[in-house]
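Dear colleague,

I am handing over the structure below, and after it you will find notes on what was found. Please read them with the coordinates open beside you.

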Number of protein chains: 2
Amino acid sequence: MDTQSFDTICALSSGSAQAAISLIRLSGPDAFKIAQIIFMGKHFKAAESQTLHFGKCIDPASMKTIDEVLLSKFIGPKSYTGEDMVEFSIHGSPYIQAQMIQVLIAQGARLANPGEFSQRAFLNGKMDLSQAEAVCDLISATTPQMHALALKQLKGGFSLKIKALRDRLIEFASLMELELDFSEEDVEFADRSHLEQLLSNIIEESKILCDSFKLGNAIKKGIPVIIVGAPNVGKSTLLNTLLNEQKAIVSDVAGTTRDVIEDTLNIKGISFRFMDTAGIRESEDKVEKIGIKKTKDYIDTAQIIINVKDHQTGYVLTEKEIQQHQNLIYVTNKSDLNPQKKKQNDQSIFISAKENTGIEELKTELLNLYNLSAPTNDQIVITSQRHYASLINALTPLEKSLEDLKHKVSGDLIAQNLRYAIHHLGEITGEISNEDLLDSIFSNFCIGK
Amino acid sequence: MDTQSFDTICALSSGSAQAAISLIRLSGPDAFKIAQIIFMGKHFKAAESQTLHFGKCIDPASMKTIDEVLLSKFIGPKSYTGEDMVEFSIHGSPYIQAQMIQVLIAQGARLANPGEFSQRAFLNGKMDLSQAEAVCDLISATTPQMHALALKQLKGGFSLKIKALRDRLIEFASLMELELDFSEEDVEFADRSHLEQLLSNIIEESKILCDSFKLGNAIKKGIPVIIVGAPNVGKSTLLNTLLNEQKAIVSDVAGTTRDVIEDTLNIKGISFRFMDTAGIRESEDKVEKIGIKKTKDYIDTAQIIINVKDHQTGYVLTEKEIQQHQNLIYVTNKSDLNPQKKKQNDQSIFISAKENTGIEELKTELLNLYNLSAPTNDQIVITSQRHYASLINALTPLEKSLEDLKHKVSGDLIAQNLRYAIHHLGEITGEISNEDLLDSIFSNFCIGK
């Protein structure tokens with residue numbers, strides 16, 4: 001692509017708070033021209049790429065010094081954006097940050113939009129779209145799992161897989177389209193049995209990737225854990241004890257919690273998203289009834305259910321509901337009020353949310369359940385709603401093509417469906433993109449990235 | 001000094017908040033050894049100083065990737081600290097920051113103390129003490145004036161001046177001490193009239209520098225402006241209007257304000273520190289009396305006094321007090337209640353703090369008064385309490401020496417006083433320093449600087 005069509009952009013790329021050092025980026029065709037005007041350092045102009053230069057930056061209008069800076073020079077395409085780039089390492093003062101940005105703008109640079117450096121990296125072929133998205137995920141990762149998935153995606157494993165599937169589809173689609181040109185001769189350039197095998201493989205791999213989204217999304221947002229039980233068994237107290245804060249209102253009035261209260265907790269590097277719910281019972285209270293309905297909806301999205309009873313009431317989930325959810329933890333709360341020993345057939349964890357006993361055992365069980373489904377080292381896990389949607393969109397025409405193949409439907413119809421699938425797979429890596437899509441992706445980025 | 005006696009330190013030098021990029025510094029004898037273990041980049045080992053390298057950083061314990069980073073290599077003494085140094089430009093994620101620091105520490109680096117990089121720069125002769133202190137001032141500068149003074153000090157003009165004065169004193173003191181070895185021969189190596197001239201010059205220059213501290217301190221902390229007047233003329237309302245917030249409690253009860261309420265306001269880049277005071281009147285209220293006493297103390301430290309009256313009361317400052325303070329602004333408040341025209345001989349600014357009228361005129365007058373005393377471009381202004389104290393400590397023996405010279409006191413006594421002065425001047429630039437002094441200076445720095 002033509003990098004000459006871009007203007008020159010600048011932004012503060014480190015945090016804006018007072019610190020030892022701040023970093024300002026400048027990228028685009030005029031980056032070096034502007035740097036040479038404001039930077040009074042020796043040797044910068046003739047210097048090679050990937051070199052560091054100490055000197056002072058001045059405001060050319062007043063000739064006043066703004067700061068003593070360390071300048072990094074990157075000659076395109078050997079830079080993050082693929083363009084000529086300069087990074088100014090300045091003293092970490094908000095005043096100096098503002099002065100530097102003002103001078104860069106006065107010299108013709110424009111303040112970069114969020115993610116615009118990464119957007120240029122994508123447009124200049126330095127990374128594909130899913131890699132660019134990984135940059136954003138990497139910065140916001142707060143647990144080892146999120147971090148590992150983002151790094152893997154940044155490295156490009158996922159993109160390579162999608163590209164490989166797509167390239168093979170393109171090859172077949174082209175051969176089929178070629179057949180159309182020779183339709184009177186009734187030739188088959190594309191081997192139907194090979195294509196059938198290929199489609200089966202691609203559909204299978206796509207489904208595995210789609211399935212991984214539930215896990216990927218859970219890792220990104222926290223493994224959803226729902227706390228359910230009869231009213232007043234101490235669900236809100238358990239949430240508060242787990243989070244170690246007074247998040248949910250606790251009272252001895254049954255039906256206190258109506259909204260679903262949620263918050264995440266990091267247990268040994270795994271992020272769990274706990275949801276405290278309205279106690280399930282027959283209720284006449286209109287608001288409480290809505291809450292109980294909501295609880296039942298949330299049960300379907302939860303990955304782990306903590307099923308709480310106390311010494312007075314039993315579990316509220318029915319046998320049928322239990323069968324649908326393998327990841328169930330049975331908990332008997334208020335062990336402080338009921339200090340008798342467990343019955344022999346009681347598999348539940350005895351806790352006292354109020355006295356903070358048994359909570360470690362509960363956490364260990366949560367980790368055990370997570371580990372059963374945790375991704376393996378070489379497993380590719382989708383974490384992006386956008387990638388998931390594109391895969392789902394590709395699956396429909398893929399399955400249609402496979403069915404058509406089996407029914408010996410004519411090549412042009414199959415080729416058309418293959419093209420739809422190729423289009424949707426291309427959206428993931430950005431081989432197919434449009435301005436709206438790019439804007440919506442990169443607007444979620446940090447300024448300066 | 002021997003850089004080999006230092007260990008290897010690391011710190012996060014950019015802000016810790018989530019951002020596009022963060023910067024981690026590593027400095028000391030093992031900086032390159034550690035970098036080679038964790039950085040998987042080509043060419044780093046053999047690379048020249050002042051070069052940039054892209055690659056990934058791993059945790060050697062798990063061989064897991066931590067981040068893709070840009071590494072800056074500085075071979076000592078061509079670095080900020082004067083030691084071998086590496087800067088890691090990483091993705092701005094708090095999670096990655098923590099991982100990187102943990103791995104550096106696991107490889108033998110130590111978390112740096114606040115200002116420890118600058119302290120090493122000082123100890124390795126990369127900058128003197130007053131320059132190192134300027135780094136801290138530069139980062140915290142919030143107005144053009146503070147910024148300009150800190151940059152000037154960082155450039156070293158002040159240090160050079162102090163060093164030059166001190167070197168000449170050392171020369172004379174040495175000559176005088178030499179005379180002691182030849183005391184029986186009654187020679188005078190040190191020309192007494194030259195020394196007298198020199199001492200006069202040094203004393204004069206030191207006094208000018210000391211005098212500049214009042215201005216320097218005012219620029220650093222905000223020009224102190226005190227608002228005085230009789231009770232209930234609207235001083236607190238004026239403060240609130242200037243600051244554009246409800247800082248001081250306002251009521252129509254005379255004597256509402258007792259403590260001195262202060263806050264700074266930036267007017268066209270100049271920082272003013274406004275102090276609202278208890279109204280001055282005869283009072284029986286014990287707390288109010290203490291407040292009035294305090295007001296009178298503050299008047300002495302203020303650089304500008306806003307003397308407020310309203311249409312009912314007059315000014316409370318006496319003629320004598322006015323003569324002591326040249327920078328007085330007369331203000332007549334409550335012009336909304338008293339819409340008559342000014343009397344011909346009334347030089348005061350008519351304002352209504354309540355209606356926010358006349359406030360711009362008052363601000364302009366404040367700027368005018370500041371500009372009368374603003375430092376010129378080549379004027380050296382002291383901003384540090386420590387430098388001021390050292391100069392004052394040097395002045396006493398300097399003046400004693402000058403007096404002794406005039407009274408033909410013997411050279412050994414004069415030389416001793418010169419040594420005292422030389423000692424105190426040396427404290428400013430750090431030629432004389434001790435661990436406690438350095439610790440107290442650098443502990444005020446940011447981490448990572």
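**Notes on the model**

A:His43 is exposed, with a relative accessible area of 65% (exposed means over 50%, buried under 20% and partly exposed in between, with a 1.4 Å probe and protein chains only). This is a predicted model, in which local features need pLDDT of at least 70 and side-chain atom pairs count only at pLDDT 80 or more, while totals for chains, interfaces and linings use all residues. Residues are numbered from 1 along each chain as its sequence is written, chains are lettered from A and ligands numbered from 1 in the order in which they are written, and side-chain values use heavy atoms, with hydrogens and water left out.

**Backbone**

A:His43 sits in the loop between strand 3 (39-40) and strand 4 (51-59) of chain A, and its phi is near 65 degrees, a positive value in a residue other than glycine. Helices (H or I, at least four residues) and strands (E, at least two) are DSSP runs, numbered from the N terminus. A positive phi, near 60 degrees, is also found at A:Asn244, which counts as exposed at 70% relative accessibility and is placed in the loop between helix 8 (235-243) and strand 9 (261-267) of chain A. The peptide bond from A:Gly76 to A:Pro77 is cis, with omega near 5 degrees, and A:Pro77 belongs to the loop between strand 5 (64-74) and strand 6 (85-91) of chain A. In chain B, the bond from B:Gly76 to B:Pro77 is cis, with omega near 5 degrees. These features deserve a look because most residues other than glycine have a negative phi, and most peptide bonds are trans.

**Chain A as a whole**

Chain A holds 14 helices and 13 strands. Its radius of gyration (taken over C-alpha atoms, with the globule rule being 2.2 Å times the number of residues to the power 0.38) is 29 Å, well over the 22 Å that the rule gives for 449 residues, so chain A is more spread out than a compact globule. The chain is divided into domain 1 (9-126), domain 2 (139-217 + 384-430) and domain 3 (225-373), with bounds that come from an automatic or database domain assignment. The centres of domain 1 and domain 2 of chain A, taken over C-alpha atoms, are separated by 42 Å. Of the 449 residues in chain A, 53% are buried.

**Buried positions**

A:Leu438, in helix 14 (residues 435-442) of chain A, counts as buried at 6% relative accessibility. Not counting residues up to four places away in sequence, A:Leu438 touches A:Gln119, A:Phe122, A:Leu123, A:Leu129 and A:Ser433, where contact means heavy atoms within 4.5 Å. A:Leu438 and A:Leu123 are 315 residues apart in sequence, yet 9.9 Å apart in space, C-alpha to C-alpha.

A:Asn307 lies in strand 11 (residues 304-309) of chain A and counts as buried at 0% relative accessibility; leaving aside neighbours within four places in sequence, its contacts include A:Val228, A:Tyr315 and A:Leu328. A:Asp137, in helix 4 (residues 129-140) of chain A, is buried with a relative accessible area of 16%, and, with residues up to four places away in sequence not counted, A:Asp137 touches A:Ala150, A:Gln153, A:Lys220 and A:Thr383.
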